[in-house]
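Open the model in your viewer and keep the selection panel at hand. The tour goes from one selection to the next.

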Amino acid sequence: GVLHAAKPVQPDPTVRLRKIYDSSVAKYQNAYKRDAGAWAVSYIQTLKALQEQKQKSGDLDGWSTAKKELDRFLSAPTLTEELVSASTGDLRTTQAQNLERRNNVTAKKHAQILDLKKKYAERLSRIQKEMTRAGNFDIAFRAKNEIERVNGSPEVAAAEAYVASKAEAQR
């Protein structure tokens with residue numbers, strides 16, 4: 001009989017792309033943790049400096065206010081708009097500057113993730129189209145499923161929610 005050449009098995013490009021995507025997300029998450037940690041250390045140093053400044057000028061209330069914020073932050077390392085709004089004077093200024101720096105760290109991570117997701121989904125979409133045209137439905141569906149997985153992933157959902165909340169706050 002006539003030997004039929006086996007159809008060459010096409011490598012699945014979604015596997016390699018997913019590894020790149022996942023390692024990029026991990027890299028962004030690690031950079032964020034590092035930057036957020038550095039920010040926290042910097043905020044603590046700023047509060048200690050404020051405390052020292054208030055002590056040198058003999059401002060007991062100012063010193064006490066800075067100490068309270070330092071103690072609060074050490075036990076619950078968060079800084080919110082509400083906390084800044086509740087403060088006054090030099091502490092409020094210090095908090096507002098540091099909150100803005102903290103928000104920039106967060107915004108950077110979310111922007112990186114959304115940019116990566118957009119490029120990844122576009123690439124997968126092209127693969128889906130090419131594989132559908134080539135009749136390689138297995139890979140076409142894998143690309144489609146991967147687009148859906150990434151669009152619904154926790155990191156993308158968090159980034160989209162963050163961007164939406166910032167857009168809402170701008171109104």
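Which residues in α1 meet which residues in α2? Select W39, A40, Y43, I44, L47, K48, L50, Q51, K54 and Q55 in α1, then G62, W63, A66, K67, E69, L70, F73 and L74 in α2. Contact here means heavy atoms within 4.5 Å. Helices are DSSP runs of H or I, at least four residues, numbered from the N terminus.

Before going on, note that this is a predicted model: local features need pLDDT of at least 70, side-chain atom pairs count only at pLDDT 80 or more, and totals for chains, interfaces and linings use all residues. Residues are numbered from 1 along each chain as its sequence is written, and side-chain values use heavy atoms, with hydrogens and water left out.

**The α1 and α2 pair**

Colour the contact by class. The contact of α1 with α2 has 11 nonpolar, three polar and four charged residues. Nonpolar covers Ala, Val, Leu, Ile, Met, Phe, Trp, Tyr, Cys and Pro; charged covers Asp, Glu, Lys and Arg; the others, Gly among them, are polar.

Now show α1 and helix α2 (residues 60-75) as cartoons. They pack at an angle of about 160°, with axes 8 Å apart. Axes are lines fitted to C-alpha atoms, for helices over the stretch in contact, and angles run from 0 to 180 degrees between N-to-C directions. The two helices, α1 and α2, are therefore roughly antiparallel, a term for angles over 145 degrees.

Next, pick Q45 in helix α1. Is Q45 buried or exposed? Q45 is exposed, at a relative accessible area of 52%. Exposed means over 50%, buried under 20%, and partly exposed in between (1.4 Å probe, protein chains only). Draw a C-alpha to C-alpha line from Q45 to L70: 9.4 Å in space, 25 residues in sequence.

**The cores**

Select Y21, Y120, L124 and I127. Of the 18 residues in the largest nonpolar core, these touch the most other members. Such a core is a set of buried Ala, Val, Leu, Ile, Met, Phe, Trp, Tyr and Cys residues joined through side-chain atoms within 4.5 Å. At least two residues each come from α1 (13-56), α4 (89-133), α5 (137-151) and α6 (154-170). The largest share, seven residues, is from α4.

Zoom in on Y120. Beyond four places in sequence, Y120 touches T14, L17, R18, Y21, E146 and V150.

A second, separate core has 13 residues, including L79, V84, L91 and L99. Finish on L91, in helix α4. L91 is buried, with a relative accessible area of 8%. Leaving aside neighbours within four places in sequence, L91 is in contact with L47, L50, T65 and E69.

Note on methods
Angles under 35 degrees count as roughly parallel, over 145 as roughly antiparallel, 65 to 115 as roughly perpendicular and the rest as oblique.
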